[in-house]
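Hi,

Here is the structure I promised to pass on. Have a look at it first, and my notes follow below.

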Amino acid sequence: MTSFAKVAEHSARHPKPEGVTFEYGTAGFRTLGETLASTVFRSALLAALRSQSKQGRVIGVMITASHNHERDNGVKLVDPMGEMLQQSWEGYCTDIANADSDAQVVHILESIVKAEGIDTSIQPKVAYARDTRPSGPLLQAALEDGLTALEVEVTNYGVVTTPQLHYFVRCLNTEHSSAPYGDPTESGYNEKYGQAFLRLVEGKPQPSTLHIDAANGVGAPQVRKLADAIASPYFSIDVRNSDTETLGKLNIDCGADYVKSNQRPPAGTSLAPGGRYCSFDGDADRIVYYYADEHGIFHLLDGDKISTLVATYLRDLVAAAGLSDLQVGVVQTAYANGSSTSYIKDTLRLPTVFAKTGVKHLHHEAERMSIGAYFEANGHGTVLFNPSAVDKLQEAKPTTPAQADAIGRLWALRDLINESVGDAMSDMLLVETILICKGWTLAQWDAAYTDLPSRLLKVVVNDRNIFKTTNAEQTLTSPPGLQDVVDALVAKFPKGRSFVRPSGTEDAVRVYAEAATRSDCDQLAYAVAGAVF
Ligand code: NG1
Ligand code: ZN
């Protein structure tokens, strides 16, 4: 029986900082690392209750602030199948993080037990990990103190990528089932994805070296371990920005977010024409590719380019397998470049839907499709195989060797993809597989369609909460009249599109614009930003 007797005493060691309000947003809690100890301690308590509410299944806790500044940190809970915490619990997280006293922390726990009908005699289980941030060890200690207070059975994964932790949670909860996801260890992860990759590329021409910018984050050591496990010329890598020791380097002038936002290579990287480059973000759940053409011009292959590549490959394999009733679909957000959406609809002729920003929203939409590829433009995403699609694959009766080969490849692809969450390393192996199988350079991949010029601006406002949206965040419903102003500005520019939404991770409003030319796009973006300010 879990008793809350020790909670108040332990909680007193992690006082909530005065004057700070915490909110469990799109990516969990995220703010200055030095202010987060009480929140991380309290997240441990909630993870324990969440585990009990799921009959003792393992809940994950990840301490990371992804692509954000090194001084920031964050914490988020991972549900049993490796997915993001169920939305209805986010409010509990916010409530407990903001409780004003230790007694109130206990009171909130008691009220959750009552509201959710939790059986507190169940042994809670939690798996946790952190990224390379300097505030990580102290926050981990606060987490462990919370887990101790509730006598939680724990697995500490140390310093791993966010998607690895999601994978471990899914593995732990399926270990004794009829469909175990994999071995819940780092070597199990490397083995599963590495072997699936080798199965898919065997016998094809070997690719040139892939230059990986690891954002000076946890992806650096982890991708080296993956490469060691693969141990094959099919995966020859050169890891750059791999300094996880020197303070102040994480995500600075490098990493997927820098490359996508600035549309340029990491500082100090000169791109050799024909060379192959990619960047992870600080916790290795996002990836973007890029290259320089023969004139030295930089070209970005972002999440939209990845999702169209992957969707095309899956669509063709499904057709080759003779499984015409398996429908491949694509989920995007409003940040998807308009050219990519047109390409999916008009050229690929695949269904596409828009979801709100934040992978949990995309994930839920993709779950409705037979095979759903979802990516945010920033390079965060994955592919989901619906259980009915898995059944159809199982029941498939190939009548030709070509069909049998396509079915075998679909199975291998399913093993290659981290279905629990977007994963830079798994996505990288997926892209590499497709490029190797097609014998394509990055330029050939890029040739499918040309992005419209786009611009993303951040506007700091007094109160971002007055900005409310509908229509997958593309239309403002508040402040009154602002959407009409945006519409009038958009109408002035050929192929113009723009929207305004409050950020879910930063205290700011984001303005996105695209148009037929760079100059039109920038004029539109700054005009809309001016209207917001
Ligand atoms: P917000 O801050 O809500 O825009 C950002 C990214 C999201 C997502 C989350 C979680 C953009 C425009 N927004 O959300 O796509 O990745 O962070 O990390 O890139
Ligand atoms: Zn990230």
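This is a predicted model: local features need pLDDT of at least 70, side-chain atom pairs count only at pLDDT 80 or more; totals for chains, interfaces and linings use all residues.

Residues are numbered from 1 along each chain as its sequence is written, while chains are lettered from A and ligands numbered from 1 in the order in which they are written.

On the ligand: the shell around ligand 1 has 14 residues, and A27, N378, S503, G504 and T505 come nearest (near means a C-beta atom, placed from the backbone, within 6 Å). Both domain 1 (7–159) and domain 2 (454–532) supply at least three residues to that shell. By type, the shell has two nonpolar, nine polar and three charged residues (nonpolar is Ala, Val, Leu, Ile, Met, Phe, Trp, Tyr, Cys and Pro; charged is Asp, Glu, Lys and Arg; the others, Gly among them, are polar).

UniProt, in an unreviewed entry, puts "domain: Alpha-D-phosphohexomutase alpha/beta/alpha" at residues 59–90 and 121–174; its positions are in the numbering used here, feature names are shortened, and annotations may be inferred rather than shown by experiment. Residues 59–90 are 3% helix and 38% strand, with end C-alpha atoms 14 Å apart. For residues 121–174 the figures are 50% helix, 24% strand and 22 Å. Helices (H or I, at least four residues) and strands (E, at least two) are DSSP runs, numbered from the N terminus.

Now the packing. The largest nonpolar core has 130 residues, of which V40, V126, L143 and V310 touch the most other members. Helix 2 (residues 37–53) gives the most to this core, nine residues. Apart from it lies another core of 20 residues, including F499, V511, Y512 and C521. A core here is a set of buried Ala, Val, Leu, Ile, Met, Phe, Trp, Tyr and Cys residues joined through C-beta atoms within 7 Å.

Finally, Y181 sits in the loop between helix 6 (162–174) and helix 7 (186–201). Y181 counts as buried because it has 23 C-beta neighbours inside 10 Å (buried is 20 or more other C-beta atoms within 10 Å, exposed 12 or fewer, partly exposed in between, with C-beta atoms placed from the backbone).

Cheers

Key. Domain bounds come from an automatic or database domain assignment.
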